[in-house]
Amino acid sequence: MSEAGASATLIAAIRDLQEEEALLLVRGRLAEGDDPLRILEDCQEGMRQVGGRYERNEYYLAGLIMAGEIFRQVMETLRPFVECQISGQVTGSILLGTVKGDIHDLGKNIVNMLLSCHRFAVHDLGVDVAPATFARQAAEIRPHVVGLSGLLTSAYDAMRETVKLLRAGGYEGPIVIGGGQLSEEVWRYVGADYWTRDGVAGVELCKRLVAGTLASG
Ligand code: B12
């Protein structure tokens, strides 16, 4: 099958919530030596399409739950192929979490996995994390970067509040927000330093931030 054909088939399997088929396709592509990050991108597109169906009332909450479960299993399948590159010293530290009111964590967990692969010390606070918890942990851990994840529109206020409290608590390092629904407008509203809708790009950004090649702000 062509590369484009393989992508389209996997995207469709996720979109149609075909759990077994999706996992078979992922394993097949890994066996053929395909890049796990490309596979991840296709799965992410499948998830976007699930979201589209939910918006059009073609799927209900059960569809989102099912998609989340399929994606979790895909990640478990991909993990050993991504993690095998880890070696050497820790390069930087990040405080990571999904903000208050939001329990979406698949994207955050990918970022955790990718950053760990790039030898970051990742302090993952989990989901539904209160702004005060981020601020307290940042003061204690003093990470190079703080990363806030959130997918819900209602999470943007929590992100904004978290940024305010982090700054009030004396954290002066870069704050990066991530999530598939973010936009430049949201980024301005939240008041973070950087934003991304892409985990791989986010990891590259964190690496550059730690290397000090980008000025915060
Ligand atoms: C799966 C899913 C769920 C699962 C989540 C399972 C889990 N453990 O995460 C469950 C069933 C729990 C769920 C619940 C709900 N969901 Co939901 N969900 C989704 C869905 C289909 C996929 C999300 C996903 O995992 N994508 C794949 C990951 C890999 O992508 P990602 O999160 O964007 O992450 C990538 C990047 O953004 C980036 N990134 C992410 N975070 C960070 C952080 C940093 C620091 C960096 C650098 C990068 C980074 O890296 C990742 C890899 O590239 C989306 C649809 C969509 N378009 O996203 C809806 C969606 C997000 N959900 C939605 C809704 C409405 C809900 C519910 C309110 C439904 C309900 N009626 O209860 C609840 C809310 C629960 C809550 N309080 O949080 C809406 C949100 C609409 C809005 N604008 O607010 C969406 C957009 C669906 C839609 N189109 O309507 N959901």
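1. Contact here means heavy atoms within 4.5 Å. By that criterion, and leaving aside residues up to four places away in sequence, Ser7 touches Arg29, Arg38 and Asp42. The model is a predicted one.

2. Ser7 is part of helix H1. Is Ser7 buried or exposed? Its relative accessibility is 11%, and buried means under 20%, so Ser7 counts as buried.

3. Helix H3 covers residues 36–55, which is 20 residues. At 1.5 Å a residue, H3 should span 28 Å, and its end C-alpha atoms lie 29 Å apart, so the two values agree.

4. After H3 comes Asn57, which has a positive phi, near 60°.

5. Which residues of H3 are buried? They are Pro36, Ile39, Leu40, Asp42, Cys43, Gly46, Val50, Gly52 and Arg53. Asp42, a buried residue of H3, is also one of the residues touched by Ser7.

6. The next two points concern helix packing. Two packed helices are described by the angle between their axes and the distance between the axes.

7. H1 spans residues 3–15, and its axis comes within 8 Å of that of H3, the two crossing at roughly 40°. That angle makes H1 oblique to H3. The crossing is right-handed. On the H1 side, the residues that meet H3 are Glu3, Ser7, Leu10, Ile11, Ile14 and Arg15. Their partners in H3 include Arg38, Ile39, Asp42, Cys43, Gly46, Val50 and Arg53.

8. H2 runs over residues 19–31; the axes of H2 and H3 come within 10 Å and cross at roughly 155°. Angles over 145 degrees count as roughly antiparallel, so H2 is roughly antiparallel to H3. H2, too, passes H3 in a right-handed crossing. From H2, Val26, Arg29 and Leu30 make the contact, and from H3, Pro36, Arg38, Ile39, Asp42 and Cys43.

9. Arg38 and Asp42 of H3 take part in the contact with H1 and in the contact with H2. Ser7 touches both of them, and Arg29 as well; Arg29 belongs to H2.

10. A separate remark concerns Leu209, which is located in helix H9, residues 199–211. Leu209 has a relative accessible area of 11% and is therefore buried. Asp193 lies 16 residues from Leu209 along the chain, and their C-alpha atoms are 11 Å apart.

Notes
Residues are numbered from 1 along each chain as its sequence is written. This is a predicted model: local features need pLDDT of at least 70, side-chain atom pairs count only at pLDDT 80 or more; totals for chains, interfaces and linings use all residues. Side-chain values use heavy atoms; hydrogens and water are left out. Helices (H or I, at least four residues) and strands (E, at least two) are DSSP runs, numbered from the N terminus. The expected span of a helix is 1.5 Å times one less than its number of residues. Buried means under 20% relative accessible area, exposed over 50%, partly exposed in between (1.4 Å probe, protein chains only). Axes are lines fitted to C-alpha atoms, for helices over the stretch in contact, and angles run from 0 to 180 degrees between N-to-C directions. Angles under 35 degrees count as roughly parallel, over 145 as roughly antiparallel, 65 to 115 as roughly perpendicular and the rest as oblique. A crossing is left-handed if the near helix is turned anticlockwise from the far one by less than a right angle, and right-handed if clockwise.
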